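Dear colleague,

I am handing over the structure we spoke of, and below it I have set out what was found, going from single contacts to the chain as a whole. Please read the notes with the coordinates open beside you.

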Amino acid sequence: MANNTGISATELVGSVGLILAILVEVGAVLGNGTLLVVVLRTPGLQDAFYLAHLCVVDLLAAASIMPLGLLAGPPGLGSVPLDPSSCRAARFLSAALLPACTLGVAALGLARYRLIVHPLRPGARPAPALVLTAVWAAAALLGALSLLGPPPAPPPAPARCSVLAGGLGPFRPLWALLAFALPALLLLAAYGSIFLVARRAALQPPRGTRLRSDSLDSRLSFLPPLRPRLPGGKAALAPALALGQFAACWLPYGCACLAPAARAAAAEAAVTWVAYSAFAAHPFLYGLLQRPVRLALGRLTRRALSRPLKVRMPQAWHPRTLVQRLQGLRKGPGQAPEQTPELAGQNSSVPEAT
């Protein structure tokens, strides 16, 4: 009985994990697809190039490595075994798309830092195409490291078609340093500077203050508020959420890369899907939390809902025309359809030609 209970508990945990993974997959596809449509349909967004790039990377991951994590055999959530060539392809995609995502997030954070801290210095901002070309070059080099790892095991043994369980061999620490530690430091520097600038601006007194009168209302206005607020607290929300999401999703995966291969393989499924949840969180964190994106999404939604649904039917299938055709067929091909009284009167009034 204990054995049966253990098996049922294991199956229950596996089913719950599979359902959560499917929800993450659906959220990543719908969220990134919607945000990409909003970015492409809204000209004038300041960081549109980086947002579109992040959506494209997330959609590529949702179309490639996430279905492999759902369907592939252990250590994945499915039961489909992978041959050696497919195993190498899965290793390369994982080793390339994950750094492309983390470095793309870091590039977006640096772009927003330059936009907020140095808004009047366009020369200090490099071209987005150049930055994203460097991101993909680094991702391709990190993906090539997976091809230098040990070959996949024969079919009886688990193939270990992932970065964590021996996919990179001795290059795992270097891959973790460039794929996770470097973007984390860049994000910390960018959002930390944004928070300091916002806090410094909140602490400065407003310009052009007038001398107040000596009335009772003026004296009461000098009193401190009942609920004192931390200067720059609202400005710290977005950087704190970005850094918290990055640490929550990618820190376990980065630590597992530094752990021994046996321990990393034991926790691979859970750690991998925690990292994959970042693909579903990016549209909400970098899209819906931004006011211009929310306004653009609301405008496009209202425009789509305000359009009347016009169903254009061919003239032959119009109800009135269809009824007339059926009446003509019922009378037979040799008989002409009856004319209406108005048409009969018009025909009788026409004089006969001599």
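In which helix does Ser146 lie? Ser146 lies in helix α5, residues 128-147, where helices (H or I, at least four residues) and strands (E, at least two) are DSSP runs numbered from the N terminus. Ser146 is buried, with a relative accessible area of 2%; buried means under 20% relative accessible area, exposed over 50%, and partly exposed in between, with a 1.4 Å probe and protein chains only. From C-alpha to C-alpha, Ser146 is 4.8 Å from Leu168, although 22 residues separate the two in sequence.

Before going further, please keep in mind that this is a predicted model, in which local features need pLDDT of at least 70 and side-chain atom pairs count only at pLDDT 80 or more, whereas totals for chains, interfaces and linings use all residues. Residues are numbered from 1 along each chain as its sequence is written, and side-chain values use heavy atoms, with hydrogens and water left out.

Taken as a whole, the secondary structure of the chain comes to 13 helices and 0 strands. Buried residues make up 32% of the 354 residues in the chain. The UniProt record, in an unreviewed entry, lists residues 12-38, 50-72, 92-115, 127-148 and 174-198 under "transmembrane region"; its positions are given in the numbering used here, feature names are shortened, and annotations may be inferred rather than shown by experiment.

Arg112 lies in helix α4 (residues 84-117) and Asp47 in the loop between α1 and α2 (48-63), so the pair ties together parts that are 65 residues apart in sequence. Arg112 and Asp47 are both buried.

Helix α4 also holds Arg91, which counts as buried at 3% relative accessibility.

Leu186, in helix α6 (residues 172-203), counts as partly exposed at 31% relative accessibility, and its C-alpha atom is separated by 8.4 Å from that of Ala107, 79 residues away along the chain. Leu68, in helix α3 (residues 65-71), is partly exposed with a relative accessible area of 29%, and its C-alpha atom is separated by 9.1 Å from that of Val80, 12 residues away along the chain.

The positive patch is formed by Arg41, Arg299, Arg302, Arg303 and Arg307; Lys and Arg count as positive and Asp and Glu as negative, while His and the chain ends are not counted, and the place of a charge is taken as NZ of Lys, CZ of Arg, CG of Asp or CD of Glu. Helix α11 (residues 291-306) supplies the largest share of this patch, 3 residues. Arg299 is placed in helix α11 and counts as partly exposed at 35% relative accessibility.

The nonpolar patch is formed by Leu18, Ile22, Val26, Val29, Leu30 and Leu77, together with about 450 Å² of accessible area, as given by the Shrake-Rupley method with a 1.4 Å probe and, for residues, only the protein chains shown as cover. Leu18 has its place in helix α1 (residues 2-41) and counts as partly exposed at 32% relative accessibility.

With kind regards

Definitions and conventions. Patch = residues over 30% accessible without salt bridge, like charges linked within 9 Å, V, L, I, M, F, W, Y side chains within 5 Å. Salt bridge = Lys/Arg side-chain N within 4 Å of Asp/Glu carboxyl O.
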